[in-house]
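Trainee: Can we go through this model together? I'd like to start with what sits inside.

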Amino acid sequence: MPRRRGAGELKPSAEINVTSLVDVVLTLLVIFMITAPMLQGGVEVSVPRARTQSVPANEGVIVTVDRQGTVYLGSEVVPWEQFDRRFPAYVRERGAKNVYLRADQGVPYGRVVQVLGAMKSADVATVGLIAEEERTGGKR
């Protein structure tokens with residue numbers, strides 16, 4: 001039986017198939033939605049709530065004290081005995097004029113004052129405290 005011409009052959013199409021493109025875009029969107037909160041970086045602490053303004057990203061150096069009293073420069077653990085020596089060098093390396101302290105609300109006040117005193121002894125223009133923005137109308 002002779003084969004008919006054109007039977008079983010697909011005709012060329014000039015239309016763009018966007019289905020696979022939409023699949024890729026939606027997959028990337030889901031990936032970015034999942035990873036975006038993780039990109040914030042830093043050490044996880046429960047900071048106290050207060051009436052405050054947010055700290056602009058990448059402005060200054062952030063020192064963190066977690067619930068156990070461990071001190072971090074950025075995300076690097078620094079033993080307390082080395083903090084006085086390493087902090088001024090860290091600030092100079094970054095060229096920062098402003099430094100911020102994020103302390104967990106469970107950290108004893110005395111520890112926070114120790115870290116603040118060490119931060120103030122370095123040559124910085126401003127030492128600020130980071131707090132979570134207080135919700136209005138709810139429990140305090």
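Trainee: Which residues of H2 are buried?

Mentor: Phe83, Phe87, Tyr90 and Val91 are buried in H2. Buried means under 20% relative accessible area, with a 1.4 Å probe and protein chains only. Helices are DSSP runs of H or I with at least four residues, strands are E runs of at least two, and both are numbered from the N terminus.

Trainee: What do the buried residues of H2 pack against?

Mentor: Strands E2 (61-65), E3 (71-73), E4 (76-78) and E5 (98-103), and also H3. Contact here is heavy atoms within 4.5 Å.

Trainee: Before I go on, what are the ground rules?

Mentor: This is a predicted model, where local features need pLDDT of at least 70, side-chain atom pairs count only at pLDDT 80 or more, and totals for chains, interfaces and linings use all residues. Residues are numbered from 1 along each chain as its sequence is written, and side-chain values use heavy atoms, leaving out hydrogens and water.

Trainee: Back to H2. Where does H2 bend?

Mentor: At Arg86, by about 45°, and Pro88 follows within four residues. The bend is the angle between axes fitted to the seven residues ending there and the seven starting there.

Trainee: And what comes just after H2?

Mentor: Gly95, with a positive phi of about 65°.

Trainee: Now the whole chain. How many helices and strands does the protein chain have?

Mentor: There are 3 helices and 7 strands. Their order from the N terminus is α-β-β-β-β-α-β-α-β-β.

Trainee: How much of the protein chain is buried?

Mentor: Buried residues are 25% of its 140 residues.

Technical notes
Buried means under 20% relative accessible area, exposed over 50%, partly exposed in between (1.4 Å probe, protein chains only).
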